[in-house]
Amino acid sequence: ITGLQTCSSPFTGVPLGRDPQVRKPHISNMGIRKKSNKNPPVLSHEFIIQNHADIVSCVAMVFLLGLMFEVTSKVAVLFITVQYNVTISNNEGPEETTLNYFQHGLKDLATVFFYMLVSIIMHAIIQEYVLDKINRKMHFSKTKHSKFNESGQLSAFYLFSCGWGISILSSENLLSNPIGLWEGYPHTLMPFQMKFYYICQLGYWLHAFPELYFQKTKKEDIPRQVVYISLYLVHIAGAYLLNLNRLGLVLLVLHYFVELLFHVSRLVYFSNENRQTGFTLWAVLFVLGRLLTLSLSVLTMGFGLAGAEEQGLDFASGNFNVLFIRITVLAAICVTQAFMMWKFINFQLRRWREQAHAQTQTVKKKAAPAKSKSSKKDKANGVNGALASNGADSPRARKEKSS
């Protein structure tokens, strides 16, 4: 009868009125994962953190749907496509061809915002479908878990940015012709790939600020992350706005390659702590990368632009080739490289201390069993070199027996 509980026998535990021999099969719930029915309140902090990728996807979908309607298409285009197109006709060949270049302006802020949303979505996809699956298999601690996620995300980004940047440098012949870093300045006209590259770079590093909230970053780690992100944004935006896009692209690719090696080495180290060769190679390339960055910066700002024909400050034409700006840019690059070297030296010193401490601990552990074995032998043979003697074997006992 519905609503009534069946009485059971106090001896057998079987409900009364049923055959005690017939028992239901025992079902273990150890392998079944209980799902909590407690959903966080809508628009609460936990709700936004759990569903931030879906929320951002819906916002991005609004802009894409805006392209379908004539009324909203003009606004949606500002967010999705690259703005400030300039068409130049080329009469060098037998037929007239047109070349498309792009400039920068205020409308780029809308495009950067949209690709910031795309970066948040891609971040969530890599986290859920790649990194979380690896974390479940490896069973990392909380500290290693956060570092593994950071290195996994940055490795994917650095790998993509390095490949894309090298393809742009090769297409613009900047690898074979370094003079192009300052020749023809101001470089106000950018090809589509170069401008889109800078838009995506700004969008990615801007998305890192809300990710501090979405990933529940510890309070003590937030200042370090904010400084780290701000340095990227200041240097990338400075190269983009001051029309130093060629120099900025070369320095970005160089820096990203070194950072890619570091994060890949850290991922390998988490899988097997005995594999530390990558850190040694990274340390060498890090120092070489800093020297090469300073050399290219001094060569471009101190010699190339200083001897250029077009000198002066002209906002209309995008010319910022004056002594004050050159010194400011060069000083910013030098200070950043010095700051990175200082952090690098501290990291290496801390790593050497940890290795020395680990070696001393292993030596102590090896010495402890040897000392315990020697003490056991001393107890068996006598203490401090004195042999333990039985009463029958002593000289006095022998004398008494003979008497």
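In this predicted model, the count of aromatic pairs comes to 38, where rings of Phe, Tyr and Trp (its six-membered ring) pair if their centres lie within 6.5 Å, with planes under 30 degrees apart called stacked, over 60 edge-to-face and the rest tilted. Residues are numbered from 1 along each chain as its sequence is written. Because the model is predicted, local features need pLDDT of at least 70 and side-chain atom pairs count only at pLDDT 80 or more, while totals for chains, interfaces and linings use all residues; side-chain values use heavy atoms, with hydrogens and water left out.

Select F157 and W205 to begin: their rings form an edge-to-face pair, 5.6 Å centre to centre with 90 degrees between the planes. This pair links distant parts of the chain, since F157 belongs to helix α5 (residues 142–171) and W205 to helix α6 (residues 192–214), 48 residues apart; helices here are DSSP runs of H or I, at least four residues, numbered from the N terminus. F157 is buried at 8% relative accessibility, and W205 is buried at 1% (buried means under 20% relative accessible area, exposed over 50%, with a 1.4 Å probe and protein chains only).

Staying in helix α5, select F160 and W164, which are four residues apart and therefore separated by about one helical turn. Their ring centres are 5.6 Å apart and their planes at 55 degrees, so the pair is tilted. F160 is exposed, at 54% relative accessible area, whereas W164 is buried, at 13%.

Finally, select R290 together with F286: R290 lies over the face of F286, at 4.6 Å from the ring centre, a placement that requires CZ of Arg, or NZ of Lys, within 6 Å of the ring centre and within 35 degrees of the ring normal.

Notes
Helix = DSSP H or I, 4+ residues; strand = E, 2+ residues; numbered from the N terminus.
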